[in-house]
Amino acid sequence: KTISRSIGVDLGLLMGVARIESRFNPRAKNRRSGASGLMQIMPSTGRYFKCGNLMNAKGNLECGARVLKRYIKYFDGNLTYGIAAYHSGPVSPKKRKKAGKLPKNFYYVEKVLQARSRFLRKGCT
């Protein structure tokens with residue numbers, strides 16, 4: 001709750017991303033991309049946001065919250081495109097939004113929003 005409040009990101013949304021990205025596993029590591037931790041932060045994103053050790057659960061969650069907030073703000077509060085950008089970067093979602101289309105990774109967005117809803121109803125499961 002503290003990270004969610006201090007960064008200004010909905011706790012349910014933060015938990016939804018963590019659930020889909022890592023299934024709440026703070027040691028999760030994507031062998032192909034190098035993304036790591038609860039929020040599956042890419043090493044380059046971690047460096048850009050000056051996140052420090054991405055395998056530190058609290059730091060990773062805080063970094064992910066900052067990244068997520070930035071993308072939601074970039075898309076003027078639109079969760080669909082903000083979440084899509086968290087997953088793929090902003091280029092493709094920006095093009096799709098401009099064309100009036102859903103993001104290519106809309107399935108990911110749906111999964112995050114479903115996980116958010118589940119968290120708000122039942123907590124971390």
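What percentage of the 125 residues in the chain is buried? Buried residues make up 42% of them, where buried stands for under 20% relative accessible area with a 1.4 Å probe, counting protein chains only.

Before you click around: this is a predicted model, where local features need pLDDT of at least 70, side-chain atom pairs count only at pLDDT 80 or more, and totals for chains, interfaces and linings use all residues. Residues are numbered from 1 along each chain as its sequence is written, and side-chain values use heavy atoms, leaving out hydrogens and water.

**Start with the whole chain.** Show it as a cartoon and you'll find seven helices and zero strands (DSSP runs, H or I of at least four residues for helices, E of at least two for strands, numbered from the N terminus). The C-alpha trace spans about 40 × 35 × 30 Å along its principal axes.

**Now select residues 57–74 and 79–88.** These are helices α4 and α5, whose axes come within 8 Å and cross at roughly 135°; the axes are lines fitted to C-alpha atoms over the stretch in contact, with angles from 0 to 180 degrees between N-to-C directions. That makes α4 oblique to α5 (angles under 35 degrees are roughly parallel, over 145 roughly antiparallel, 65 to 115 roughly perpendicular, and the rest oblique).

In α4, pick Gly64, Val67, Leu68, Tyr71 and Ile72; they meet Leu79, Gly82, Ile83, Ala85 and Tyr86 in α5, with contact meaning heavy atoms within 4.5 Å. The residues of this contact divide into eight nonpolar, two polar and no charged, with Tyr and Ala counted as nonpolar and Gly as polar.

Note on methods: Buried means under 20% relative accessible area, exposed over 50%, partly exposed in between (1.4 Å probe, protein chains only).
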